[in-house]
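Here is a short report on one protein chain. Look over its sequence and its fold first, then read on.

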Amino acid sequence: QGRWAFGEALAQERLGIVYASHSEYVPAQRVLFAALGRWRRLGNQKHVHNTLYLIAGIYNDLGDYPKAEHYYQQALHLARRAADTTALATTYIALGALKERQQQLAAAAKLLLQARPLAERMRNRYLLGFVLNNLGDVYNKLHQPQPALQYLFQALAIKQAEGNKGEVALT
């Protein structure tokens with residue numbers, strides 16, 4: 001029963017990802033909410049977090065920001081409880097992007113600043129470059145050119161060191 005339930009939940013989660021990637025949000029939500037229920041029954045907190053994060057992303061794409069924030073906050077709570085650095089960092093980034101999309105720039109910066117030390121602790125240079133780039137964008141929108149330039153130059157240095165020419169061009 002347990003292995004089959006795990007497999008079914010995982011298949012539903014993956015189906016939700018495929019549906020969402022093709023902007024088919026109704027079936028994506030249907031299978032993701034079914035997967036969420038299974039993961040909760042199985043007690044698999046990592047997958048509960050992942051599924052909450054995916055559901056939040058759908059609401060974000062649909063422009064339903066209060067629901068997106070609700071599900072991101074649930075995911076953040078689980079990531080904190082599990083002390084999952086990767087889940088924490090990615091959820092802070094997603095919440096920061098959500099706040100930026102709503103023009104709540106100070107809140108976006110605060111969330112991204114929480115993601116930065118996590119990316120540094122993980123020694124994930126790609127993620128750190130991503131966070132720094134987003135911080136640069138937010139501070140630019142806040143009309144604070146000095147911190148914007150500092151973050152963008154730091155992001156550029158990381159991307160150049162990693163040899164990612166496509167990412168360097170976007171910075």
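Take the contacts between residues at least 6 apart in sequence: 48% of them join residues at least 24 apart. These figures, like the others below, come from a predicted model.

**Overall build**

The protein has nine helices and zero strands. From the N terminus on, the elements run α-α-α-α-α-α-α-α-α. The radius of gyration is 17 Å, close to the 16 Å that the globule rule gives for 171 residues, so the protein is as compact as a globular protein of that length. Along its principal axes the C-alpha trace spans about 55 × 30 × 30 Å. Buried residues make up 43% of the 171 residues. The protein exposes about 9400 Å², and carbon and sulfur atoms supply 54% of that area.

**The core**

In soluble globular proteins, nonpolar side chains tend to be buried together. Here the largest nonpolar core has 49 residues. Which of them touch the most other members? They are Leu 52, Tyr 72 and Tyr 92. The elements that give two or more residues to this core are H1, H2, helix H3 (45-61), helix H4 (65-82), H5, H6, H7 and helix H8 (145-162).

Leaving aside residues up to four places away in sequence, Tyr 72 touches Tyr 53, Ala 56, Gly 57, Asn 60, Thr 91, Ala 94, Leu 95 and Leu 98.

Now turn to a histidine. His 47 lies in helix H3. Is His 47 buried or exposed? Its relative accessible area is 14%, under the 20% cut-off, so His 47 is buried. Not counting residues up to four places away in sequence, His 47 touches Phe 6, Leu 10, Glu 13 and Trp 39.

**Helix H6**

Helix H6 covers residues 105-122. At 1.5 Å a residue, its 18 residues should span 26 Å. The end C-alpha atoms are 26 Å apart, which agrees.

Which residues of H6 are buried? They are Leu 105, Ala 108, Ala 109, Leu 111, Leu 112, Ala 115, Leu 118 and Ala 119. These buried residues pack against helix H5 (85-101) and helix H7 (125-141). Just after H6, Arg 123 takes a positive phi of about 55°.

**Salt bridges**

Side chains of opposite charge can pair when their charged atoms come close. How many salt bridges does a search of the whole structure find? It finds five.

Arg 38 is partly exposed, with a relative accessible area of 25%. Glu 8 also counts as partly exposed, at 37%.

Lys 141 lies in helix H7 and Glu 100 in helix H5, so the pair ties together parts that are 41 residues apart in sequence. Lys 141 is partly exposed at 39% relative accessibility, whereas Glu 100 counts as buried at 14%.

Glu 120 is partly exposed, with a relative accessible area of 37%.

**Two loop residues**

Where is Ser 23 placed? Ser 23 is in the loop between H1 and H2. Its phi is positive, about 60°, although Ser 23 is not a glycine. Ser 23 is partly exposed, with a relative accessible area of 48%.

Gln 103 is in the loop between H5 and H6. Gln 103 has a positive phi of about 65°, although it is not a glycine. Its relative accessible area is 53%, over the 50% cut-off, so Gln 103 is exposed.

Key: Residues numbered from 1 in each chain as written. Predicted model: local features only at pLDDT ≥ 70, side-chain atom pairs only at ≥ 80, totals over all residues. Heavy atoms only, no water. Helix = DSSP H or I, 4+ residues; strand = E, 2+ residues; numbered from the N terminus. Expected span 1.5 Å × (residues − 1). Buried < 20%, exposed > 50% of the residue type's maximum accessible area, 1.4 Å probe, protein only. Contact = heavy atoms within 4.5 Å. Salt bridge = Lys/Arg side-chain N within 4 Å of Asp/Glu carboxyl O. Core = buried A, V, L, I, M, F, W, Y, C linked by side-chain atoms within 4.5 Å. Rg over C-alpha atoms; globule rule 2.2 N^0.38 Å. Areas by Shrake-Rupley, 256 points an atom, 1.4 Å probe, with all protein chains shown as cover.
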